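Colleague: Could you take me through the features of this model, one at a time, and show me how each should be read?

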Amino acid sequence: MKYALVTGGSRGLGKAVALRLSRMGLPIVINYRSNQASAEEVKAEIEAAGGIAELLPFDVASPQAVEEAVEKWTAEHPDDYIDVLINNAGIRMDNLMIFMQNEQWHNVVDTTLNGFFYLTRRLLKDMLTHRHGRIINMASLSGIKGLPGQVNYSAAKAALIGATKALAQEVAPRKVTVNAVAPGFIASDMTKDLNEGELKKLVPMNRFGKPDEVAALVAFLASDDAAYITGEVVSINGGLYT
Ligand code: NAP
């Protein structure tokens, strides 16, 4: 069976993506770091709708944890492979550059950029062997425009966009597509501490986006209809361009 793995699938955008890909008929592997209760809820919601879901907790920023988790999953699924990989796990640790601590820099880069590297490298072989695959990386408007207070996050997301474009060219001959999605402000735990009332005035649509709206875009990029789209960065931001 072909599975979809969603990193950070326990909450927010990743949860919406997991539910949506399940509705497309894909069995789902839900990754998360620590919030087991939320991940169990996503699994239950998928199963209640008739889908297949399993949990695979690991820290994407740890190369050992990634190796161990994929090894375990592969041993339990000798006839299956991950055909759709959504690199969604991400964190914010905002600070002005002048005050930014090494830890704030490294944690954000390790999760977004190094997490992409460790996991994608590990799963790529199966996609290349099967001559089919979809890799979708959750970037951000911040990685295109750059946002003050987010030098770490903007750098990590911009690097993820560069990696998306480079990898897309490496694997295109094997029918593996690699794309990035760049959301603007989307309502989730990550943005709940922001002043939505003020920030939405910057958005021509005058509102934050919904996780389901991002999930619909991801689902399209994962579908057969998107077979000829690769190396792209698709913005989804209510008109909040740079
Ligand atoms: P969120 O609500 O804070 O959820 C983050 C998810 O990532 C959780 O499932 C969390 O797992 C998981 N996670 C964090 N660090 C991890 C790690 N080291 N290993 C494995 N899983 C990890 O965030 P969100 O708003 O849904 O954001 C999802 C993605 O979209 C992120 O990459 C973010 O940068 C990007 N994005 C969001 C927005 C926005 O406005 N919300 C805009 C642009 C881009 P636990 O539940 O276990 O903590």
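**Reading accessibility, backbone and ligand contacts**

Modeller: Lys175 counts as exposed, because its relative accessibility is 56% and the cut-off for that class is over 50%. Please keep in mind throughout that this is a predicted model.

Colleague: Which phi does Arg131 have, and how is its accessibility to be classed?

Modeller: Arg131, which is not a glycine either, has a positive phi of about 55 degrees, and its place is in the loop between helix H4 (102-130) and strand S5 (133-138). Arg131 counts as partly exposed because its relative accessibility is 45%, and that class covers the values between under 20%, which is buried, and over 50%, which is exposed.

Colleague: Is His132 buried or exposed?

Modeller: His132 lies in the loop between H4 and S5, and with a relative accessibility of 18% it counts as buried, since buried means under 20%. A separation along the chain should be read together with the distance in space: His132 and Ala227 are 95 residues apart in sequence, while their C-alpha atoms are 9.6 Å apart.

Colleague: How many residues separate Ala4 and Gly133 in sequence, and what is their distance in space?

Modeller: Ala4 and Gly133 are 129 residues apart in sequence and 9.9 Å apart in space, C-alpha to C-alpha. Ala4 is found in strand S1 (residues 2-6), and Ala4 counts as buried because its relative accessibility is 0%.

Colleague: What distance separates the C-alpha atoms of Gly238 and Gly51?

Modeller: For Gly238 and Gly51, which are 187 residues apart along the chain, the C-alpha atoms are separated by 31 Å. Gly238 lies in the segment after S7 and is partly exposed, with a relative accessible area of 24%.

Colleague: Where does Asn237 lie, and what does its side chain reach?

Modeller: Asn237 lies in the segment after strand S7 (233-236), and its side chain reaches the backbone nitrogen of Gly239 at 3.0 Å, a distance to be read against the 3.5 Å limit for a polar contact. Asn237 counts as buried, because its relative accessibility is 8%.

Colleague: Let us turn to the ligand. Which residues around the ligand come nearest, and which pocket does the ligand take up?

Modeller: There are 31 residues around the ligand, of which Ser10, Ser34, Asn88, Tyr153 and Ser188 come nearest, and the space that the ligand takes is the largest pocket. Helix H1 (12-23) and helix H6 (151-171) are the elements that give two or more residues to the shell around the ligand. Sorted by residue class, the shell divides into 13 nonpolar, 13 polar and five charged residues.

Colleague: Which N or O atoms of Lys157, Gly184 and Ile186 lie by oxygen atoms of the ligand, and at what distances?

Modeller: For Lys157, a side-chain N or O atom is 2.9 Å from an oxygen atom of the ligand. For Gly184 the atom belongs to the backbone, where an N or O atom lies 3.3 Å from a ligand oxygen, and for Ile186 a polar backbone atom is 2.8 Å from an oxygen atom of the ligand. As for cover, the ligand has 900 Å² of accessible area on its own, and the protein covers 96% of that area.

Key: Residues are numbered from 1 along each chain as its sequence is written. This is a predicted model: local features need pLDDT of at least 70, side-chain atom pairs count only at pLDDT 80 or more; totals for chains, interfaces and linings use all residues. Side-chain values use heavy atoms; hydrogens and water are left out. A residue is near a molecule or strand if one of its heavy atoms lies within 4 Å of it. A polar contact is a pair of N or O atoms within 3.5 Å; within protein, one must be able to donate a hydrogen and the other to accept it, and residues adjacent in sequence count only if both atoms are side-chain atoms. Accessible areas come from the Shrake-Rupley method with a 1.4 Å probe; for residues, only the protein chains shown count as cover. On a 1 Å grid over the protein atoms alone, a cavity is a set of points where a 1.4 Å probe fits but cannot get out, and a pocket is an open set with protein on both sides within 12 Å along at least five of seven lines; lining residues have an atom within 4 Å of a point. A molecule sits in a cavity or pocket if more than half of its atoms lie within 2 Å of its grid points. Helices (H or I, at least four residues) and strands (E, at least two) are DSSP runs, numbered from the N terminus. Ala, Val, Leu, Ile, Met, Phe, Trp, Tyr, Cys and Pro count as nonpolar, Asp, Glu, Lys and Arg as charged, and the others, Gly among them, as polar. Buried means under 20% relative accessible area, exposed over 50%, partly exposed in between (1.4 Å probe, protein chains only).
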